[in-house]
Amino acid sequence: MTELNEFVNVLTGSFNNSEQYDTMKNKNKQFPYAEHVNTVCNDKISNLPEDFNGVFIVEESYYTVDESTHASHHLFLFTQEDDGVKLTSYEIPDGYDKNTFTYKNMKDVNYNDLKLSEKFTPALYTLKNGIWEGGSVSMFSPVLKFTLYERFSKDCLEVSESMEVNGKKTFGYDEPVIYKRV
């Protein structure tokens, strides 16, 4: 559980990519301004099993491109596995959507009512030279592929995400988004 606690300490908090965004803007490259707020939310989940050793996190993500901000929030469970830390995605609880689901808005949720995301392939993170690395490839539909690769350290969170439809990239950037703690 020590690895899981270390991982969660690196991952939780408020982050943005303002430094990277300003650099890209000065180079006239289109790149999003992005913010992440990651908050442990086990305190808002009732009926957790007695021997439950996982950590649920609400991830609030905001992406701004051309003065238009898009919110994309998620509920993730992190568990200690023999070979690293596993991220499992859950559906947003009933009564919320990807815009309204935030830690602040979250009311008590019954663990037994939570639903695993059937589309997302769990990601596994391993510690290499002080940096957590991992990701997964998920098929959201027969033609829609989502690729996630991340590197987390005390200095920053590097997030690479892309979507492909029939092998053609429809979302993502050539460089990872580099979030620094605010």
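Buried means under 20% relative accessible area, exposed means over 50%, and partly exposed lies in between (1.4 Å probe, protein chains only). The model is predicted: local features need pLDDT of at least 70, side-chain atom pairs count only at pLDDT 80 or more, and totals for chains, interfaces and linings use all residues. Residues are numbered from 1 along each chain as its sequence is written, and side-chain values use heavy atoms, with hydrogens and water left out.

**View 1. A salt bridge joins Lys180 and Glu19.** A salt bridge is a side-chain nitrogen of Lys or Arg within 4 Å of a carboxyl oxygen of Asp or Glu. Here the closest N and O atoms are 3.2 Å apart. Glu19 is exposed, at 53% relative accessibility. Lys180 is partly exposed, at 34%. Lys180 belongs to strand S13 (residues 177-181) and Glu19 to helix H2 (residues 18-26), so the pair ties together parts 161 residues apart in sequence. Helices (H or I, at least four residues) and strands (E, at least two) are DSSP runs, numbered from the N terminus.

**View 2. Glu133 and Arg151 meet in a salt bridge.** The N to O distance is 3.8 Å. Glu133 sits in strand S9 (residues 131-139) and Arg151 in strand S10 (residues 144-152), 18 residues apart. Glu133 is buried, at 16% relative accessibility. Arg151 is partly exposed, at 26%.

**View 3. Lys169 pairs with Asp174 in a salt bridge.** Their closest N and O atoms are 3.6 Å apart. Asp174 is exposed, at 78% relative accessibility. Lys169 is partly exposed, at 42%. Elsewhere, salt bridges that share partners join Glu133, Arg151 and Glu158 into one network. The structure holds six salt bridges.

**View 4. Phe76 pairs with Phe78 and with Phe120.** The structure holds 16 aromatic pairs. Rings of Phe, Tyr and Trp (its six-membered ring) pair if their centres lie within 6.5 Å; planes under 30 degrees apart count as stacked, over 60 as edge-to-face and the rest as tilted. Phe76 and Phe78 are edge-to-face, 6.4 Å centre to centre with 70° between the planes. Phe76 is buried at 10% relative accessible area, and Phe78 is buried at 2%. Phe76 and Phe120 are tilted, 6.5 Å centre to centre with 45° between the planes. Phe76 lies in strand S5 (residues 68-81), and Phe120 lies in the loop between strand S7 (109-110) and strand S8 (123-128), 44 residues apart. Phe120 is buried too, at 11%.
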